[in-house]
Amino acid sequence: MARLAAAEGRIRLATSSHTPLVRMVLAIIRDYPQRTVLGLVLMGSQAFFYNAIFFTYALVLTQFYGVPSSSVGWYILPFALGNFCGPLLLGPLFDRIGRKPMIASTYAISGVLLAVVGHLFNVGAVDAAQLTLCWTGIFFFASAAASAAYLTVSESFPIEARALAIAFFYSVGTALGGVVSPWLFGTLIGSGERGTVFNGYLLGAGLMVAAALTELAIGVKAERQPLESVARPISAIGD
C-alpha cells in the first residue's frame, strides 16, 4: 500500500478507495468522547436558542404587542443584520484570540443578554421596536457562537470523518434544540403570560451559559494549527 507524507512531513497516510463508515463513526464517538459531548452541547444549545427567539418571534409580536401579521417581516429583518455582522466582525478573533475564549465568551454573552432582555420583556419595559433592537444585538454574538459550533464539529475530528461529523451533529443538535424549542415556546406563548415565556427564555439562557462552561472545560485549541494535528487522520500509519 502506497504511503503519502502529510503536508508538514510528519504524518504518513495510507491510500485507500474509501474509509469504512463504521470506522468514521467510531472515530467520532469512541476515539473522541469529550469532543462528541462538546459538539452535542454547542450544537444543541445554539439550536434551542435560535428557535426559541427567531422562529417564535412572530408569535410574540402578534400575541403581546398586537403587531399586524403583515408587518411582522419588518421586525424580523434586523435579525438578518445582526446575524451577518456578528460572524463578519467577530470571526477573525477566533483565530487571533483563540477558540476557547471566543466560543465561551460569545455563548456566555448571548445567554446573559437573553436573560436580561427576557426580564425586560417580562416587566413590560420594552416595546416591539426596542425588543427587536435588543434581539438584533444579542444575535450579533449568538450568530458568531453558532458559527463557531459548526466550526468546532468540522475541525475536531479526523479529516475522513469531518463531513459525517457535521451531518451527525447538525441532525442530533437540531433534534435536541430545534424540535423541542418551537413546540415549547409555542405552548408558552399560547398561555398569554409574559412570565411563562420569560421562564422559557431563562432556560435558553441557562443552556447557552452551560455551553460556555463546557467549552472552557473541554474545548479544543485548534487556532492556527494544521487540522491533521488537531485530530490524527484515520488513515495515518506512522510519524
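Predicted model: local features only at pLDDT ≥ 70, side-chain atom pairs only at ≥ 80, totals over all residues.
User: Is Thr 152 buried or exposed?
Analyst: Residues are numbered from 1 along each chain as its sequence is written, and side-chain values use heavy atoms, with hydrogens and water left out. The cut-offs are under 20% relative accessible area for buried, over 50% for exposed and partly exposed in between, with a 1.4 Å probe and protein chains only. Because its relative accessible area is 7%, Thr 152 is buried.

User: Which residues does Thr 152 touch, not counting residues up to four places away in sequence?
Analyst: Thr 152 sits in helix H7, residues 128-155; helices (H or I, at least four residues) and strands (E, at least two) are DSSP runs numbered from the N terminus. A contact here means heavy atoms within 4.5 Å. Leaving out residues up to four places away in sequence, the partners of Thr 152 are Leu 38, Leu 42 and Ile 103.

User: How many helices and strands does the chain have?
Analyst: Reading from the N terminus, the order of elements is β-β-α-α-α-α-α-α-α-α-α-α-β. Of the 239 residues in the chain, 45% are buried. The secondary structure comes to ten helices and three strands.

User: Where is the kink in H8 centred?
Analyst: Helix H8 covers residues 162-190 and spans 40 Å from first C-alpha to last, close to the 42 Å expected at 1.5 Å a residue; the expected span is 1.5 Å times one less than the number of residues. A bend is the angle between axes fitted to the seven residues ending at a residue and the seven starting there. The buried residues of H8 include Gly 173, Gly 177 and Gly 178. The kink, of about 35 degrees, is centred on Thr 174.

User: What phi does Arg 224 have?
Analyst: Most residues other than glycine have a negative phi. Arg 224 is in the loop between H9 and helix H10 (227-230), and at 62% relative accessibility Arg 224 is exposed. Although not a glycine, Arg 224 has a positive phi of about 55 degrees.

User: Which element gives the largest share of the nonpolar patch?
Analyst: Patches take residues with over 30% relative accessible area and no salt bridge, joining like charges within 9 Å and nonpolar side chains (Val, Leu, Ile, Met, Phe, Trp, Tyr) within 5 Å. Val 112, Val 116, Val 209, Leu 213 and Leu 216 make up the surface patch, with about 420 Å² of accessible area together, by the Shrake-Rupley method with a 1.4 Å probe, where for residues only the protein chains shown count as cover. Helix H6 (99-122) and helix H9 (194-218) each give two or more residues. The largest share, three residues, comes from H9.

How values were computed
Salt bridge = Lys/Arg side-chain N within 4 Å of Asp/Glu carboxyl O.
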